[in-house]
Amino acid sequence: MSDEPASQGVEGTQSNLDELDIEIVQLLHKDGRMPFTEIAKKLGVSEATIRNRVQRLTNSGAITIQAYLNPNKLGFRSIALIELKTVNLERAQAIASDLVEQDSVSYVAFVAGSYDLFVEVTYDTNEGLLDFLTALRAKPGIINCETATVLKLLKTQYSFQIRSTKSSSFSS
């Protein structure tokens, strides 16, 4: 297989991934520390091909390789899921830009429905969470702020399956 990028579709869409890319991503998703030599052996290609493909995937932003943190094991006891309704999209964008810069914020997304933004925050104490919520609710342009605190964390991994180019079913 070639080290060249797969078909040039819309940037950020799966059409940019060929079968080898998908197989590499699936192996790294299971074990982000898997050596390139092991991936190459499993997929029947050279280590240089794997190195080049992973470099291209990371440079394009298609993947990042990082450790998943378990907030409870690291002493963070206050996790909150927050839904924000704003006066308009311009204000929502300004609020989102501010939120993504904060270390305590682990997730920010524009959503469709009753709210405009969905936010996840993690703090080591309830007092830290209260301070964050107090400052957040004071921001101009927020109409409503619904907060749910996590009582028991069951999964912290962001994960989904990507569709193989060989079949119409999802890969396992």
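How do the axes of helix α2 and helix α3 cross, and within what distance do they come? The legends below take this up view by view. This is a predicted model, where local features need pLDDT of at least 70, side-chain atom pairs count only at pLDDT 80 or more, and totals for chains, interfaces and linings use all residues. Residues are numbered from 1 along each chain as its sequence is written, and side-chain values use heavy atoms, with hydrogens and water left out.

**View 1. The whole chain.** The protein chain has 5 helices and 4 strands, where helices (H or I, at least four residues) and strands (E, at least two) are DSSP runs numbered from the N terminus. Follow the sequence and you get the pattern α-α-α-β-α-β-β-α-β. Of the 172 residues in the chain, 31% are buried; buried means under 20% relative accessible area, exposed over 50%, and partly exposed in between (1.4 Å probe, protein chains only). Take the contacts (heavy atoms within 4.5 Å) with a separation of 6 or more: residues 24 or more positions apart account for 61% of them.

**View 2. Helix α2 meets helix α3.** Here's the reply to the opening question: the axes of α2 (residues 36-43) and α3 (residues 47-60) come within 8 Å and cross at roughly 110 degrees. That makes α2 roughly perpendicular to α3. Axes are lines fitted to C-alpha atoms, for helices over the stretch in contact, and angles run from 0 to 180 degrees between N-to-C directions. Angles under 35 degrees count as roughly parallel, over 145 as roughly antiparallel, 65 to 115 as roughly perpendicular and the rest as oblique. On the α2 side, the contact uses Phe36, Thr37, Ile39, Ala40 and Leu43, and on the α3 side Glu47, Ile50, Arg51 and Val54. Sorted by class, that's 6 nonpolar, 1 polar and 2 charged residues. (Ala, Val, Leu, Ile, Met, Phe, Trp, Tyr, Cys and Pro count as nonpolar, Asp, Glu, Lys and Arg as charged, and the others, Gly among them, as polar.)

**View 3. Helix α1 and its surroundings.** In α1 (residues 19-30), 9 of the 12 residues are buried, so this helix is largely enclosed by the rest of the structure. Among those buried are Leu20, Ile24 and Leu28, and the buried residues of α1 pack against α2 and α3.

**View 4. Helix α1 against helix α3.** The two axes come within 11 Å and cross at roughly 85 degrees, and α1 and α3 are therefore roughly perpendicular to each other. Leu20, Asp21, Ile24, Val25 and Leu28 in α1 meet a set in α3 including Thr49, Ile50 and Leu57. The contact has 7 nonpolar, 1 polar and 3 charged residues.

View 5. Residues in the contact include Glu23 and Leu27 of α1 and Lys42 of α2. Lysine 42 sits in helix α2, with its C-alpha 9.6 Å from that of glutamate 23, 19 residues away along the chain. Setting aside neighbours within four places in sequence, lysine 42 is in contact with Leu27 and Met34.

**View 6. Serine 114 in its loop.** Look between β2 (105-110) and β3 (117-123) to find the loop that holds serine 114. Is serine 114 buried or exposed? Its relative accessibility is 59%, so serine 114 counts as exposed. Leucine 84 is 30 residues from serine 114 in sequence, and 8.9 Å separates them C-alpha to C-alpha.
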